[in-house]
Amino acid sequence: MEEELLIIKNISRHISLTNQEKSYFLSLLKQKKIAKKELILQHQQVCKEINFVQSGILRAFHMDASGKESTIMFAISDWWITDMYCFINQKPAMLNIEALEGSCIQQLQKDDLDQLYLNVPKFERFFRIMMQNAYIREQLRTIENLSLPAEERYYNFLRKYPEAVKQIKQKQIASYLGITPEFLSLIKSNKQKNRFS
């Protein structure tokens, strides 16, 4: 029940639900435990679910033809994650989503979401707000990547994911920031030097 409360708290930030609406919503969810490094979505697989992270850390990444990975986003506890374009349009995924540690998620199928909109229309408001916030976050991140030096982007990342950063590999952080792992090492060593100077 404690786990269910986290997703209800997340939703209650934007809409109020009756007990009946909460029960109906919770009945649509499928809880899944994921092992470290397990993929919940693979490139080219039809994206059927949107995922709420109960606990753990997930990473969405794109892999090019040469096998180079670019991290698109991380999702920590109390965040939602999917390949949004492919989920909404029921297309083959452009992204892979993997667990960076043992994690627990709640999954909502696209068909169930569509039914939820019909049966509890206020959920349209919740998901509209969530998608607007995600769009704003990505736009700000793009502007940050274009306008801020790598050091500042790294410090912003540390502020955004203070706990999760211990579980995320350096090369994954570097690919999220759009820099090489070697350059990230240089930034980190400069940060250490500045702390002790």
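How many nonpolar, polar and charged residues make up the lining of the largest pocket? In this predicted model, the lining has 15 nonpolar, 4 polar and 5 charged residues. The space within the largest pocket amounts to about 690 Å³. Of the 24 residues that line the pocket, W80, M84, M130, A134 and R137 are the closest to its centre. Helix α5 (122–147) makes the largest contribution to the lining, with 8 residues. At least two lining residues each come from β5, β6 (80–81), α3 (84–89) and α5.

Two of these contributors, the strands β5 and β6, lead on to the sheets. Strands of a sheet pair through backbone hydrogen bonds, in either a parallel or an antiparallel way. Strand β5 belongs to an open sheet of 4 strands, arranged in the order β2-β7-β4-β5 with antiparallel pairing. Because β2 (39–41) and β5 (69–76) stand at the edges and have a single partner strand each, one side of each is left without a neighbour in the sheet. On average, neighbouring strands of this sheet are turned by 30° against each other, direction ignored. Inside the order, strand β4 (residues 57–63) pairs with strand β7 (residues 96–99) in the antiparallel sense over 4 bridges. One of the residues involved is L58, whose bridge partner in β7 is A99. Helix α7 (residues 170–177) packs on the sheet and touches β4, β5 and β7, and the direction of α7 makes about 105° with that of β5.

Helix α7 also has a helical partner. Two packed helices are described by the angle between their axes and the distance between the axes. For helix α6 (residues 150–160) and α7, the packing angle is about 115° and the axes are 10 Å apart. The crossing of α6 past α7 is right-handed. On the α6 side, the contact is made by R153, Y154, F157 and K160, while α7 brings I173, Y176 and L177. Sorted by class, this contact has 5 nonpolar and 2 charged residues, with no polar ones.

Strand β1 pairs with strand β8 (residues 103–109) in the antiparallel sense, over 5 bridges. Along this pairing, I34 stands opposite S103 in β8.

Rolling a probe the size of a water molecule over the atoms shows where empty space is left. The structure holds 1 cavity of 30 Å³ or more, and the space in the largest cavity comes to about 40 Å³. Its lining consists of I40, L41, C47, K48, E49, N51, T82, I97 and Q107. Strands β2 and β3 (49–55) each supply at least two of the lining residues. By class, the lining of the largest cavity comprises 4 nonpolar, 3 polar and 2 charged residues.

How values were computed:
Residues numbered from 1 in each chain as written. Predicted model: local features only at pLDDT ≥ 70, side-chain atom pairs only at ≥ 80, totals over all residues. Heavy atoms only, no water. Pairing = 2+ DSSP bridges. Axes fitted to C-alpha atoms, helices over the stretch in contact; angles between N-to-C directions. Contact = heavy atoms within 4.5 Å. 1 Å grid on protein atoms, 1.4 Å probe; cavity = no way out; pocket = protein on both sides within 12 Å on 5 of 7 lines; lining within 4 Å. Points joined across faces, edges and corners; volume = space filled by probe spheres on them. Nonpolar A, V, L, I, M, F, W, Y, C, P; charged D, E, K, R; others polar. Left-handed = near helix turned anticlockwise from the far one by under 90°.
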